[in-house]
Structure formats: structure tokens, C-alpha cells
Amino acid sequence: MEEQKTLLLKRLEKYLKNSETKMTQERYFKMCEQMDKEPIEDEIPPDIGDFPEIAVSALEVFANLGNRIYADVGFTGKDYTNLPIYLQIYKVPKKDTELFLEILLYLERYAIESSQDSLKREREKIKRKSSGRHNNPKV
């Protein structure tokens, strides 16, 4: 069971990364066709339909939970106030609740890291721009 959970979370990470770059199965197959290459099983982007129902439900609930965002620090996590209601709406079985919550927390960690990385890139970009102005005074 633990091995299956690990594989699920790795596949979920791949799905999230491909979503960020907008790489879908269709785009991947089209790219392989254009390059006259055979698709490689491990490189095929996962599709939402490739996941078990519990993971799809967790993705949907995660998207519907409120965000906690602060201007100076970015995304700090989800607001879980309505989680019990979503557990009822999505009819998450008691036996699957632990896995469901682990998936939600995994999604949250991923989103926080992505937000922090994005803010860091933006700050570095601003820093480079401002330092460039000081080094190149107009004559």
C-alpha cells in the first residue's frame, strides 16, 4: 500500500509539472509524431483519467478550497474550514480519508513551493533590473 501511495504521489507530481508547462498527452504524441519518434511510456504525461477516484476528488476539492495569500510572502496554504463539507459532498469513504488528506497536503506543499519559487524569480528579476540601472548611468 505504501509503495502504491508513493507511486501515486510521484505520478501526481508529474501531472502538476506537466500542467504548468501545458504538456498534455495529445501534445506529447503530436510532438513525437513530428519528430518521428516512438512515444516512451515513462515520458507520457499523465491525464486526470489516469488517477484513481480518490485522487481526482482530492484535486477537485483542493481547487475549491480557499487560498491564503499574503502580498509579501505569496501563497501560504489552503483554508480548510470547509473541508468536512467537501468530504461529505465527495462522499470520501472513512477508509480513504487518510489517503485523501495526504494527497491534499501534498498538493498544498507543491503549491506553496511553486509560489515561493515564482516569488523568488520575480524578486531576482527586479533586483537585476534595479542593479542594471545603477551600473549604466546615462551620460
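Predicted model: local features only at pLDDT ≥ 70, side-chain atom pairs only at ≥ 80, totals over all residues.

Trainee: How many helices and strands does the protein have?
Mentor: Start with how they are assigned: helices (H or I, at least four residues) and strands (E, at least two) are DSSP runs, numbered from the N terminus. Here the protein has five helices and two strands. Their order along the sequence is α-α-α-β-β-α-α. The radius of gyration is 20 Å, well over the 14 Å that the globule rule gives for 139 residues, so the protein is more spread out than a compact globule. That radius is taken over C-alpha atoms, and the rule is 2.2 Å times the number of residues to the power 0.38.

Trainee: What does the C-alpha trace span along its principal axes?
Mentor: The spans are about 70 × 50 × 25 Å.

Trainee: What share of the residues is buried?
Mentor: The classes come from relative accessible area: buried is under 20%, exposed is over 50%, and partly exposed is in between (1.4 Å probe, protein chains only). In this protein, 29% of the 139 residues are buried. The accessible surface comes to about 10,500 Å², and 53% of that belongs to carbon and sulfur atoms. Such areas come from the Shrake-Rupley method with a 1.4 Å probe, and for residues only the protein chains shown count as cover.

Trainee: How do I read contacts, and which residues does S115 touch?
Mentor: A contact means heavy atoms within 4.5 Å. S115 lies in helix α5 and touches G74 and F75, not counting residues up to four places away in sequence. S115 counts as buried because its relative accessible area is 15%. For the protein, take the contacts between residues at least 6 apart in sequence: 63% of them join residues at least 24 apart.

Trainee: Where is S57, and is it buried or exposed?
Mentor: S57 sits in helix α3, residues 53-64. With 9% relative accessibility, S57 is buried. Leaving aside neighbours within four places in sequence, S57 is in contact with Y90 and F100.

Trainee: What can a distance along the chain tell me about R11 and D50?
Mentor: R11 and D50 are 39 residues apart along the chain, and their C-alpha atoms are separated by 9.2 Å. R11 belongs to helix α1 and is partly exposed at 31% relative accessibility. Beyond residues up to four places away in sequence, R11 touches I44, P46, D50 and F51. M31 is partly exposed, at 33%.

Trainee: Which residue is 89 residues from K125 along the chain?
Mentor: That residue is D36, and the two C-alpha atoms are separated by 38 Å. K125 is in helix α5 and is partly exposed, with 38% relative accessibility.

Trainee: What is the phi of D36?
Mentor: D36 has a positive phi of about 55° although it is not a glycine. D36 is found in the loop between α2 and α3 and is exposed, at 72% relative accessible area. K22 also is not a glycine, and its phi is positive, about 60°. K22 is found in the loop between α1 and α2 and is exposed, with a relative accessible area of 58%.

Trainee: How is a pocket found, and which residues line the largest pocket?
Mentor: Rolling a probe the size of a water molecule over the atoms shows where empty space is left. On a 1 Å grid over the protein atoms alone, using a 1.4 Å probe, a pocket is an open set of points with protein on both sides within 12 Å along at least five of seven lines; lining residues have an atom within 4 Å of a point. The largest pocket is lined by M1, E2, K5, I54, K95, D96, E98, L99 and E102. About 180 Å³ of space lies in it, where volume is the space filled by probe spheres set on the points. The largest share of the lining, three residues, comes from α5.

Definitions and conventions
Residues numbered from 1 in each chain as written. Heavy atoms only, no water.
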